[in-house]
Amino acid sequence: MSAPAIDQSTVVQERRLVTALPGPRSVELMARKQAAVAAGVGTTMPVFAARAAGGIVVDVDGNHLIDLGSGIAVTTVGNSAPRVVAAVQQQVADFTHTCFMITPYESYVAVAEALNRLTPGDHEKRTALFNSGAEAVENAVKIARTATGRPAVAVFDHAYHGRTNLTMAMTAKVMPYKHRFGPFASEVYRAPLSYPFRDGLDGATAAARALDLLEKQVGADNLAALVIEPIQGEGGFIEPAPGFLPALAAWCRTNGVVFVADEVQTGFARTGDLFACDREGVVPDLVVSAKGIAGGLPLSAVTGRAELMDAAHAGGLGGTYGGNPLACAAALAAIETIEADGLVQRARDVEHLLLTRLRALQESDPRIGDVRGRGAMIAVELVRAGGTDPDPDLARRVAAAAHAEGVIVLTCGTYGNVLRFLPPLAISDALLDEAFDVVERAFAASPPTAG
Ligand SMILES: *Cc1c(COP(=O)(O)O)cnc(C)c1O
């Protein structure tokens with residue numbers, strides 16, 4: 001593919017505020033949003049985007065914001081990454097849709113081949129493509145159930161797997177994801193996670209605790225799948241203690257339970273490995289990917305052992321748009337970008353920069369209880385100074401102060417007390433440093449939470 005035609009330099013890579021945030025055009029658009037869009041669809045910032053590239057999002061008033069969110073870990077290769085733009089422009093002119101289940105096309109097969117090559121393990125694999133993370137998680141459960149003939153699914157405390165009915169049942173946090181949206185799908189059982197900051201357990205002990213509960217309350221013979229995020233996303237960027245994931249995977253292997261890694265947020269170089277499971281050499285039976293897979297186009301996938309993936313009858317898996325040709329072209333270009341630009345290493349460099357900055361900040365601010373995460377998936381958990389009581393109010397105020405200064409940061413966590421940083425890997429070190437100067441000032445300007 002030839003060099004991109006778009007001029008990335010038109011999105012100047014600097015933070016620049018030309019109005020107070022939100023600016024007048026954004027205020028106008030927000031009023032239209034409130035009149036036209038369902039209230040249930042919230043926004044983190046009341047600022048409307050016009051363009052984005054590298055580490056910058058430009059709003060409709062011309063403000064240049066530093067992007068530490070990547071649209072929730074999606075634009076890992078950068079927004080409108082040059083190879084993605086070129087590939088999609090070519091594809092949109094060739095054809096936009098035929099439905100892979102009617103008249104298939106090569107790019108879907110090529111994405112499947114790439115995922116079979118890139119996901120953990122060198123066993124024989126197959127892939128199926130879908131549109132959203134939640135849809136792929138649902139399909140992983142369908143595949144595990146039909147392959148095992150068992151009904152139950154094990155998930156974990158703090159888990160996030162999506163907003164469809166089955167994935168709401170699998171998601172832990174009631175507000176905002178589940179509140180008043182039940183009844184939920186049955187046969188979903190929740191086990192305790194390894195959460196080193198809060199439980200102090202080593203990986204083996206935490207795994208034994210979870211597996212004991214599953215054996216006593218569900219029974220291995222009834223379990224089709226155990227579904228886990230190798231580092232939890234919405235739940236608070238919780239990285240289990242070393243040994244936790246390998247112990248769960250080994251138990252699954254012994255008991256014929258399908259080990260499903262939900263790598264929707266952690267996949268595609270985000271954590272400084274191509275997949276987060278690679279770090280401890282864990283080989284899942286099924287891997288679910290989405291978010292970072294296609295540079296911003298909607299695509300998701302289930303990849304796994306051929307004998308499991310081939311268990312479903314023909315016609316049992318699919319969907320009208322699954323593996324849309326534009327999304328497949330984008331995914332191939334995103335994968336090429338990750339490999340050609342060395343983005344796995346780039347994520348490790350970002351990790352070093354972020355952890356250095358945040359650990360220094362933690363030294364001087366005891367409200368930062370924990371600094372954790374890997375690659376370009378780093379978080380701080382905020383607590384009442386001197387203890388571990390969650391401080392969601394501080395997280396909200398620090399995020400608001402950073403937003404006002406033109407830095408896009410997100411919060412997460414069961415207790416709402418986690419600030420998470422998910423920069424695109426196309427961001428420069430200079431922008432990262434400036435963003436964390438802003439974050440540092442936001443902490444300094446936020447007095448202790450009252451009460
Ligand atoms: C975002 C996310 C999902 C859901 O993906 P959607 O595309 O929003 O449906 C599932 N699992 C994890 C770990 C996620 O981060």
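**The whole chain**

Start with everything shown as a cartoon, and keep in mind that this is a predicted model. The protein chain has 14 helices and 15 strands. Its radius of gyration is 22 Å, close to the 22 Å that the globule rule gives for 451 residues, so the chain is as compact as a globular protein of that length. Along the principal axes, the C-alpha atoms fill a box of roughly 60 × 60 × 45 Å.

**The ligand**

Now look at individual atom pairs. A polar backbone atom of Gly 133 is 2.7 Å from an oxygen atom of the ligand. At Gln 265 it is the side chain that takes part: one of its N or O atoms is 2.9 Å from a ligand oxygen atom. At Tyr 160, a backbone N or O atom lies 3.4 Å from a nitrogen atom of the ligand. On its own, the ligand has 380 Å² of accessible area, and the protein covers 83% of that.

**The second largest pocket**

Rolling a probe the size of a water molecule over the atoms shows where empty space is left. The second largest pocket has a volume of about 350 Å³. To find this pocket, select Tyr 108, Thr 127, Ala 128, Leu 317 and Gly 318, which are the closest to its centre of the 19 residues that line it.

Which strand gives the most to this lining? Select residues 125–130: this is strand β4, and it gives 5 residues. The lining as a whole divides into 10 nonpolar, 7 polar and 2 charged residues.

**The cavity**

How many cavities of 30 Å³ or more does the structure hold? There is 1. The largest cavity has a volume of about 50 Å³. Select His 158, Ala 159, Tyr 160, Thr 171, Lys 173, Tyr 177, Glu 234, Gly 235, Gly 413 and Thr 414 to see its lining.

**Backbone details**

The last stops concern backbone angles. Most residues other than glycine have a negative phi, and most peptide bonds are trans.

- Select Leu 21 and Pro 22. A cis peptide bond joins them, with omega about -5°. Pro 22 is in the segment before α1 (24–36).
- Select Gly 182 and Pro 183. These two are also joined by a cis peptide bond, with omega about 5°. Pro 183 sits in the loop between α6 (165–170) and β6 (188–191).
- Select Ser 80. Its phi is near 45°, a positive value in a residue other than glycine. Ser 80 is in the loop between α2 (70–73) and α3 (82–94).

Methods:
Residues numbered from 1 in each chain as written. Predicted model: local features only at pLDDT ≥ 70, side-chain atom pairs only at ≥ 80, totals over all residues. Heavy atoms only, no water. Polar contact = N/O pair within 3.5 Å; in protein donor to acceptor, adjacent residues only side chain to side chain. Areas by Shrake-Rupley, 256 points an atom, 1.4 Å probe, with all protein chains shown as cover. 1 Å grid on protein atoms, 1.4 Å probe; cavity = no way out; pocket = protein on both sides within 12 Å on 5 of 7 lines; lining within 4 Å. Points joined across faces, edges and corners; volume = space filled by probe spheres on them. Helix = DSSP H or I, 4+ residues; strand = E, 2+ residues; numbered from the N terminus. Nonpolar A, V, L, I, M, F, W, Y, C, P; charged D, E, K, R; others polar. Rg over C-alpha atoms; globule rule 2.2 N^0.38 Å.
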